[in-house]
Amino acid sequence: MVPVASEADFAQLAELLEALGFERGRGWSYDAGAADLRESAAKGAPFMAPLGNLELVYGRRPAEPPLLIEVTALDQIHATVKAWLINRRRSKGVGGEISEPALTDWNARLFSVELDPGLSVGFWQSENPLHNRPVAVEGDLSAAGRRFAIVAARWNAVITDRLLQGALDALLRSGCARKDIEIVRVPGAWEIPSAARTLAESGRFAAIVTLGVLLRGETAHYEAIYNEVARGIGQSQQETGVPHAFGVLTCETLEQALDRAGVKSGNKGFEAGIAAIEMASLQAKLQPEGRASSASAVEAGS
Ligand code: DLZ
């Protein structure tokens, strides 16, 4: 923690950070000569970033400028700060200098903003795309070269057809070839697990997308059917090792189901398609040999 030189600097930095979208947290302040005999007034203002880290540095000379903020979209931040400085000059008549982003000697690009002589902030972005990324194995969102099966119920077809369109959209736009998608229609949600299991056991698919709609108001034994469908899909996934994306909606009304099938709040079929793509990729990465057994090229015998 380094104290800011003056109250004016404090205000300027706070204004800049707020303009960049930092969320202001609950601060603190006390007056000079407060009961515990502090000599001067002081205040603190936390600014929160969605993702933060703490970096300890040893063996390097102090950074220049000493206040450095690491960002993930340097050029965008540069444009925003530039616009903020122009606006500030117009509205308050105060200046400020901004440098162009330039390479540093630590494999990063950096620009600095001088709000006042002696009050500078630097913004930087690492040139290494893996810098500060948490170490995690993640699936990619590419469906190219993999086979997928979609099992869609015909019951409530006005909605399941929309879910199917959404799932197809996700697969095709992520690079899956149309020939590598098998669509299977079943009478109702009840029949989804057995068809999904047969497809999974065939070993031909990298992932299965399951789509259906159960309406509480119109379905006798709603809970029993839903539990069995969810259990059956989950069991098929666990016992075959093939990822099954769950796109079976459970809604109170037809209107609510339509909203979730693309009318208002996104398309759950699309979301299920994306989940299947990610899980197919992840599954392949988690194999000891790191490759999918259900790639379409392998299937085609090429
Ligand atoms: C019978 C029935 C009912 C009442 N409701 C639904 C529903 O809301 N959504 C759905 O997908 N299927 C429904 N079904 C059909 C059953 O899932 C199943 O297809 C039939 O009972 C035949 O086995």
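Guide: A residue is buried at under 20% relative accessible area, exposed at over 50% and partly exposed in between (1.4 Å probe, protein chains only). The model is predicted, so local features need pLDDT of at least 70 and side-chain atom pairs count only at pLDDT 80 or more, while totals for chains, interfaces and linings use all residues. Residues are numbered from 1 along each chain as its sequence is written, and side-chain values use heavy atoms, with hydrogens and water left out.

Visitor: What makes the buried residues of H4 line one face of the helix?
Guide: In helix H4 (residues 192-201), the buried residues are Ile192, Pro193, Ala195, Ala196, Leu199 and Ala200; helices here are DSSP runs of H or I with at least four residues, and strands are runs of E with at least two, numbered from the N terminus. Seen down the axis of H4, these buried residues fall within an arc of 165°, taken from the directions from the helix axis to the C-beta atoms, so they line one face. The face turned away from that side carries the exposed residues Ser194, Thr198 and Glu201.

Visitor: Why is the pair of Trp106 and Trp124 called edge-to-face?
Guide: Rings of Phe, Tyr and Trp (its six-membered ring) pair if their centres lie within 6.5 Å, and planes under 30 degrees apart count as stacked, over 60 as edge-to-face and the rest as tilted. The centres of Trp106 and Trp124 are 5.7 Å apart and their planes stand at 75°, so the pair is edge-to-face.

Visitor: How do you know whether Trp124 is buried or exposed?
Guide: Trp124 has 8% relative accessibility and therefore counts as buried, whereas Trp106, with a relative accessible area of 31%, is partly exposed.
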